[in-house]
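Reader: Hi! Could you walk me through this structure?
Author: Happy to, here it is.

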Amino acid sequence: MTNRLDPRRLETFRVVATTGQVSAASRLLHLSQPAVTAQVRQLERECGQPLLVRTARGVRLNEAGQRLLAYAQRHHQLLEEAALAVAGEDVLKGELVLAASTTLASYVVPDLLASFLRMHRGLQVRLEVGNSEQVLGWVGEGRAPLGLVEGHARAAGLRLEHYLDDELLPVVATHAPKELLQVRTLDMFQTVPLLWREVGSGTRAVLERALKRAGVRRGPQAGDLQLGGTETIKGAVAAGLGVGFLSRWSIQAELSSGRFRVLPLPDLRVRRTFSWVLPVDAPAGIAGHFLRHARTTPPTLSHS
């Protein structure tokens with residue numbers, strides 16, 4: 001191993017490691033994918049060993065990479081603290097206003113706020129929570145300077161910027177009725193009760209499009225439930241009331257503990273993106289600082 005590590009390569013490694021994908025890191029860093037790959041490989045040569053395991057779905061850290069990531073995160077935080085100290089303690093004062101759809105508000109935004117507020121203590125925070133249509137409306141009206149939503153490809157008068165990748169997984173409780181646990185094909189999927197989000201939800205819109213692409217002509221029907229919010233659907237899944245399509249970000253604890261089981265439906269993949277909702281002009285002030293922080297310090301999804 002060389003005596004010194006290149007800080008730029010260390011930062012590139014940190015973003016790749018936290019996003020789990022070279023493509024996502026390249027967008028956040030505004031670099032080409034080959035440039036990101038080259039920097040990581042050069043860092044691995046500097047370290048004298050591999051840091052990442054390449055898979056069909058992205059990358060994951062090996063043991064050496066996990067050790068280095070802790071230092072890379074400390075290095076990144078120290079640089080941000082230094083920049084704040086040089087600029088003066090009174091740079092950020094006031095209230096951060098943010099709008100987010102329910103899944104993001106519960107499972108992504110808290111980690112972002114925690115890391116941001118460690119460097120900007122004393123700020124007030126107001127988080128407006130609603131479904132995706134509501135968040136788009138709030139940013140469009142100026143009620144919030146920026147927002148986070150899932151599943152939308154466009155919005156009139158607003159800019160949508162890709163942030164994180166997600167997948168909605170078909171899950172049931174491990175103690176669910178046999179008819180749910182035995183679902184293996186799309187034909188079987190047609191006859192079991194589904195748990196739907198409300199109209200206007202980005203999650204519901206993404207699911208409906210994915211079902212249509214898979215050739216499943218299935219909307220809400222007798223025996224289904226329409227429920228408002230991820231936590232409500234998780235509760236219904238836990239009670240064995242049907243199949244719920246839930247964000248991978250929202251069910252890490254349930255999958256790790258074995259309370260939920262993912263149904264093996266290889267012909268149905270429900271991928272989506274989490275996106276920033278931005279006005280035409282870039283957010284300024286506290287909102288602008290928060291957006292820059294979030295772009296360079298994305299939350300980490302557990303790979304359990």
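**Rings, a cavity and a helix pair**

Reader: Let's start with the rings. How many aromatic pairs does the structure hold?
Author: There are five aromatic pairs in the structure. Do keep in mind that this is a predicted model.

Reader: Nice. Which parts does that pair tie together?
Author: Phenylalanine 189 belongs to helix 9 (residues 186–189) and phenylalanine 245 to strand 9 (residues 243–247), so the pair links parts 56 residues apart in sequence.

Reader: Switching topic: how many cavities of 30 Å³ or more are there?
Author: The count is one. About 40 Å³ of space lies in the largest cavity.

Reader: And what lines it?
Author: Phe245 turns up again here, along with Leu195, Trp196, Arg197, Thr203, Arg204, Leu207 and Ile233. By class, that lining has five nonpolar, one polar and two charged residues. Strand 7 (194–197) and helix 10 (202–213) each supply at least two residues of it.

Reader: Now the helices. At what angle do helix 6 and helix 13 cross?
Author: Roughly 115 degrees, with the axes of helix 6 (residues 109–119) and helix 13 (residues 285–296) coming within 10 Å. The crossing is right-handed.

Reader: Which residues make the contact?
Author: Helix 6 brings Leu112, Leu113, Ser115, Phe116 and Met119, while helix 13 brings Ile286, His289, Phe290, His293 and Ala294.

Reader: How do those divide by class?
Author: Seven of the contact residues are nonpolar, three are polar and none is charged.

Technical notes:
Residues numbered from 1 in each chain as written. Predicted model: local features only at pLDDT ≥ 70, side-chain atom pairs only at ≥ 80, totals over all residues. Heavy atoms only, no water. 1 Å grid on protein atoms, 1.4 Å probe; cavity = no way out; pocket = protein on both sides within 12 Å on 5 of 7 lines; lining within 4 Å. Points joined across faces, edges and corners; volume = space filled by probe spheres on them. Helix = DSSP H or I, 4+ residues; strand = E, 2+ residues; numbered from the N terminus. Nonpolar A, V, L, I, M, F, W, Y, C, P; charged D, E, K, R; others polar. Axes fitted to C-alpha atoms, helices over the stretch in contact; angles between N-to-C directions. Left-handed = near helix turned anticlockwise from the far one by under 90°. Contact = heavy atoms within 4.5 Å. Phe/Tyr/Trp six-rings, centres within 6.5 Å; stacked < 30°, edge-to-face > 60°.
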